[in-house]
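Please open the structure in a viewer and keep the selection tool at hand.

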Amino acid sequence: MAKINPDFTKELSKYGAFDPNACYNCGHCTAVCSLSDEQNSFPRKMVRFSVLGLENEIQESLDPWLCYYCGECTATCPREADPGELMMSLRRYLTVKYDWTGLSGLLYRYIGVTLSAFILLALIVVGVGASLNFDLHKIMQYGHLFEMFAIGTVFLLILCPNVLHMWWLTVYKSDAKPKIKNYFKSFSDLIVHMFTQKRALSCDDNKFRWLEHLILVFSYLLLLFTTVFLNWFETNNVLIIFIGYIESIFIFLITFDFVRRRVKKDAEISTHSQPSDWFFVIWLLLMGLTAILVRLAIDFHFIDTFSWLYYLHLIVLVQWALIIVPFGKWTHFLYRSFAIYFQKVINT
Ligand code: SF4
Ligand code: SF4
């Protein structure tokens with residue numbers, strides 16, 4: 001028998017805006033959603049599950065991750081229930097449910113906790129700098145070591161167990177018992193969707209946003225590679241320096257456009273920005289901007305005078321790597337890709 005949580009919509013309201021009393025189940029949203037088919041009514045099924053408080057069914061569903069927030073359902077809803085934002089709120093809620101540490105829940109629900117964590121990490125960076133007598137060369141070496149340590153640790157201790165938890169909820173607990181060979185057969189889908197997010201093209205009027213996302217994903221991953229494995233800040237190789245500039249400039253320009261859109265609220269996707277959305281775009285913008293400034297300071301020989309630029313970059317980097325990547329909106333990139341993969345594994 002299905003377990004009902006009568007307070008579910010109240011809990012969900014902490015993750016975004018949705019009016020549970022407005023929906024009268026007319027089905028307009030399902031008719032316009034390009035993801036709907038005979039088996040699945042997007043997003044109405046999730047709307048009904050939420051209104052009824054069917055928490056377990058929601059946690060075991062992949063549907064919220066398959067939605068790319070084109071906003072067409074919201075624009076069509078005659079009751080202004082905002083089903084597109086409901087799907088976004090469910091994604092935030094599920095991010096919290098998958099996270100074994102419980103820290104995502106604190107950071108998503110309590111802005112004071114998030115800000116305290118940001119301040120604490122900034123103080124730790126300054127403290128480490130002071131303990132090294134603000135020796136810039138040494139601090140840059142530590143910064144480089146931190147990048148390698150953070151990538152490995154966050155991946156192994158946080159992201160892998162959380163994806164496993166997602167699999168346990170959505171695949172293992174489901175009635176579908178996929179064969180092992182399905183995991184291998186569908187693996188290429190995981191890679192393709194992770195790097196291209198091409199399902200976003202299912203929504204109309206989404207081509208430019210998709211292209212921006214694609215360039216951002218590649219620029220971000222390549223900059224990570226350039227700084228961690230090619231040591232961008234300390235190399236003298238002109239080609240590596242040039243590539244790093246291009247990657248950082250793309251990150252800065254695209255995230256600047258994302259921030260602009262959220263400020264202007266010129267599309268459904270940018271209408272209801274939660275703190276986690278702002279942190280994601282602003283920190284990515286700061287990463288791109290401070291990376292460019294640090295490298296310019298090195299190339300034009302004023303880094304010793306403006307060494308604080310590197311400290312600023314390091315603070316942004318540490319906050320990004322230890323808060324936003326493991327517990328914030330960055331994880332949506334991962335869960336979306338795995339949701340498509342798991343769906344393919346189940347349906348193959
Ligand atoms: S969310 Fe809006 S469009 Fe969808 S079923 Fe409810 S009232 Fe109709
Ligand atoms: S936002 Fe777009 S993809 Fe998501 S449920 Fe609504 S219509 Fe479908």
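**First stop: ligand 1.** The model is predicted. Select ligand 1 together with the 13 residues around it; those that come nearest are Cys23, Cys26, His28, Cys29 and Cys77. Two elements give two or more residues to this shell, namely helix H2 (28–32) and helix H3 (44–52). By class, the shell around ligand 1 consists of eight nonpolar, three polar and two charged residues.

**Second stop: ligand 2.** Next, select ligand 2, which has 16 residues around it. Cys33, Pro43, Cys67, Cys70 and Cys73 come nearest to ligand 2. Helix H6 (72–76) and helix H7 (83–98) are the elements that give two or more residues to this shell, and H7 gives the most, with three residues. The shell around ligand 2 comprises 13 nonpolar residues, two polar and one charged.

Colour residues 8–98 as domain 1 and residues 105–347 as domain 2, the two domains into which the protein chain is divided. Their C-alpha centres lie 26 Å apart. Where the domains meet, 26 residues of domain 1 are in contact with 31 residues of domain 2. On the domain 1 side, helix H5 (63–66), H6 and H7 each give two or more residues. Which helix gives the most to the side of domain 1 that touches domain 2? It is H7, with seven residues. The residues on this side of domain 1 divide into twelve nonpolar, eight polar and six charged.

Now display the largest nonpolar core, which has 80 residues. Select Ile251, Trp283, Met287, Trp320 and Ile324, the residues with the most contacts inside this core. Helix H16 (residues 308–327) supplies the largest share of the core, 14 residues. Both domain 1 (8–98) and domain 2 (105–347) give at least three residues to the core. In soluble globular proteins, nonpolar side chains tend to be buried together. Centre the view on Trp320: leaving aside residues up to four places away in sequence, Trp320 touches Trp283, Met287 and Val325.

Select residues 238–264, which form helix H14. How does the distance between its end C-alpha atoms agree with the expected span, and why? At 1.5 Å a residue, the 27 residues of H14 should span 39 Å, and the end C-alpha atoms are 39 Å apart, so the two values agree. Highlight the buried residues of H14: Gly244, Glu247, Ser248, Ile251, Phe252, Ile254, Thr255 and Phe258. An α-helix has 3.6 residues a turn, so residues three or four places apart point the same way. Finally, step to lysine 265, which follows H14 and has a positive phi, near 50 degrees.

**Last stop: glycine 143.** Select glycine 143, which is placed in helix H10 (residues 136–172). Is glycine 143 buried or exposed? Glycine 143 is buried, because 22 other C-beta atoms lie within 10 Å, and 20 or more count as buried. To end the tour, draw a distance from the C-alpha atom of glycine 143 to that of serine 116: the two residues are 27 residues apart in sequence and 22 Å apart in space.

Technical notes: Residues are numbered from 1 along each chain as its sequence is written. Chains are lettered from A and ligands numbered from 1 in the order in which they are written. This is a predicted model: local features need pLDDT of at least 70, side-chain atom pairs count only at pLDDT 80 or more; totals for chains, interfaces and linings use all residues. A residue is near a molecule or strand if its C-beta atom, placed from the backbone, lies within 6 Å of it. Helices (H or I, at least four residues) and strands (E, at least two) are DSSP runs, numbered from the N terminus. Ala, Val, Leu, Ile, Met, Phe, Trp, Tyr, Cys and Pro count as nonpolar, Asp, Glu, Lys and Arg as charged, and the others, Gly among them, as polar. Domain bounds come from an automatic or database domain assignment. Two residues are in contact if their C-beta atoms, placed from the backbone, lie within 7 Å. A nonpolar core is a set of buried Ala, Val, Leu, Ile, Met, Phe, Trp, Tyr and Cys residues joined through C-beta atoms within 7 Å. A residue is buried if 20 or more other C-beta atoms lie within 10 Å of its own, exposed if 12 or fewer, and partly exposed in between; C-beta atoms are placed from the backbone. The expected span of a helix is 1.5 Å times one less than its number of residues.
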